[in-house]
Structure formats: C-alpha cells, structure tokens
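Please keep the sequence and the model in view while reading.

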Amino acid sequence: MNVFISRSLLLVFLFLGYNTCQSQIPTYNPFFFGDKHVETKVPTVDLTAIGRYHFDQSWNAGNIHLKNGDSLIAYYMRYDLIKNQLEVILGNNIKAINGSFIESFEWFSVDRLRPEVFISKQSIQFENSRDVTGFLQLLEEGVVRLLKCKRMIAPKAATSPTLVNDTDSDIQAIEEFFLVFDGKAIEVSSGKKKNLEIFNSKSLTKFVKQSNLRFNNESDLKKIVEYYNSGQIGQTQG
C-alpha cells in the first residue's frame, strides 16, 4: 500500500511539472549586483505554472532571510497563500522556495513608504492553538506587535468530491489581525470593549474613544498600537 502511495505521489508531481532540486542561488541578485558571487544552497521548485492567490499580486523587490542564516538580497517575489511558498524570479526563470526554509522576508511595495515585513507563524505562540499557517505581515513593532494574517477560504462546499468549482467567486480572501504581548498572539475581536480590556489602559481607552477609532479597521488599528507603543501613556495599567 505504501509503495502504491509513493508511486502515485511521484506521478502527481510529474504531471504537475514540479522539479525539486538543490539550487545554487546567488545571495545578491546578479541583475542588480553583477560582482557578487556568493551563493547559498536552498531547495527550489521549478514552476510550469504560477499560483493564482497571492498576498499581493504584484511582483515586489525585497530580501528573503533563510533559516540556514543566509539571505537573498534584491529579488522580485510574490507570496503564494495556498502553497505557503515564495515565487522568486531567478534570471529568466520563476522558481519557488517553500516557506519551511524561510525565517522571514520583506519587500518594498510601490504603494508603501516603508518595507512590508513578514514573519513566520512558528515564531509566535497563538492563544488557544489558533490554526494559522505560513507568514504574517508585521504592521507595527514595539511593546505590542500588530500582525495581519491573510488567507484564502472556500465558503461554499465543492460540488464534487474530486473537483472544486474553478471560479474565483468560490474563493475568498479574509484578513485577521493579532496583538502580540510577550510573544503570545491574541486575535483582535470585533468588539471595542473586549479589545480595550486586553490593553488594560485608561489612557488608551480615552484616546480610542476621543479619536473614534475602530478595531475592525487596519488603519485605526495601527494608530492604536502605535499610540500605545509610543510611550505617551507609559504603558500604565489600570
């Protein structure tokens, strides 16, 4: 039975056109740094077709920090939410690096004034063993960290046990936000009162109410966490 399964998986990978190999990748993108010849060995996948669902559909230039201590500098990449892998442009080819080999990465989006940083879920302890996979975007850093998780879901059941409807309307992207206190992540709820109880700060409560900020709005959330981390309230509890 195990032999049958192994052979079946092999046929699947051959059919999909995957080719996993140990590749020598220049740590500095030769397109930008022609004189850099330092290389790192990381397993890559040759892609015959790129993914359909990404954190950002654009190709953004950035850096990839591997778990072996090496970094890949100034490569164009996209993060595949479904497969938890980075699609990376290497020369004239598009390859993929599995998320299990990546510690973190950041890219420089044309829509942002600062780099967008992504960290591995494995570096965070989630309350109630929350089923979060892959990488989360670090929106705010400080005493309290603000993270955003984006994932794809299929709200409708498949019409067949072997075939899911091949339409974008059957797949939806949802965003979830987490507050990280002392390495432990707590999901941001929809209720303002419950979230303010987590911070346990009268000064912050006053700031949120006077500014009419909402916890279900990303921009407002960033202002709340930034204000708390700024030291203006001194993180005084009670």
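## Terms and basis

Two residues are said to be in contact, or to touch, when heavy atoms of theirs lie within 4.5 Å. The model is a predicted one, in which local features need pLDDT of at least 70 and side-chain atom pairs count only at pLDDT 80 or more, while totals for chains, interfaces and linings use all residues. Residues are numbered from 1 along each chain as its sequence is written, and side-chain values use heavy atoms, with hydrogens and water left out.

## The chain as a whole

The chain holds four helices and 13 strands, these being DSSP runs numbered from the N terminus (H or I of at least four residues for helices, E of at least two for strands). Of its 238 residues, 39% are buried, where buried means under 20% relative accessible area, exposed over 50%, and partly exposed in between (1.4 Å probe, protein chains only). Among contacts with a separation of 6 or more, 53% join residues 24 or more positions apart.

## Two nonpolar cores

A nonpolar core is a set of buried Ala, Val, Leu, Ile, Met, Phe, Trp, Tyr and Cys residues joined through side-chain atoms within 4.5 Å. The largest has 21 residues, of which Ile64, Tyr79, Leu86, Val88, Ile102 and Phe105 touch the most other members. Two or more residues each come from β3 (60-66), β4 (71-80), β5 (85-90) and β7 (102-108), and β4 provides the largest share, four residues.

Beyond its neighbours within four places in sequence, Ile64 is in contact with residues including Asp70, Met77, Leu86, Val88, Ile102 and Phe105. Another core, of 18 residues, lies apart from this one and has Leu146, Leu196, Val208 and Ile224 among its members.

Helix α2 (residues 192-199) has Asn195, Leu196 and Phe199 as buried residues. These three lie on the same side of α2 because they cover an arc of only 100° around the axis, taken from the directions from the helix axis to the C-beta atoms. The face turned away from that buried side carries the exposed residues Lys193, Lys194 and Glu197.

Cover for the buried residues of α2 includes β11 (144-153), β12 (172-181), α3 (202-211) and α4 (218-229). After α2 comes Asn200, with a positive phi near 55°.

## Lys222 in helix α4

Lys222 is placed in helix α4. Not counting residues up to four places away in sequence, Lys222 touches Arg112, Arg114, Leu139, Glu140 and Leu146. Lys222 and Arg145 are 77 residues apart in sequence, with a C-alpha to C-alpha distance of 9.7 Å.
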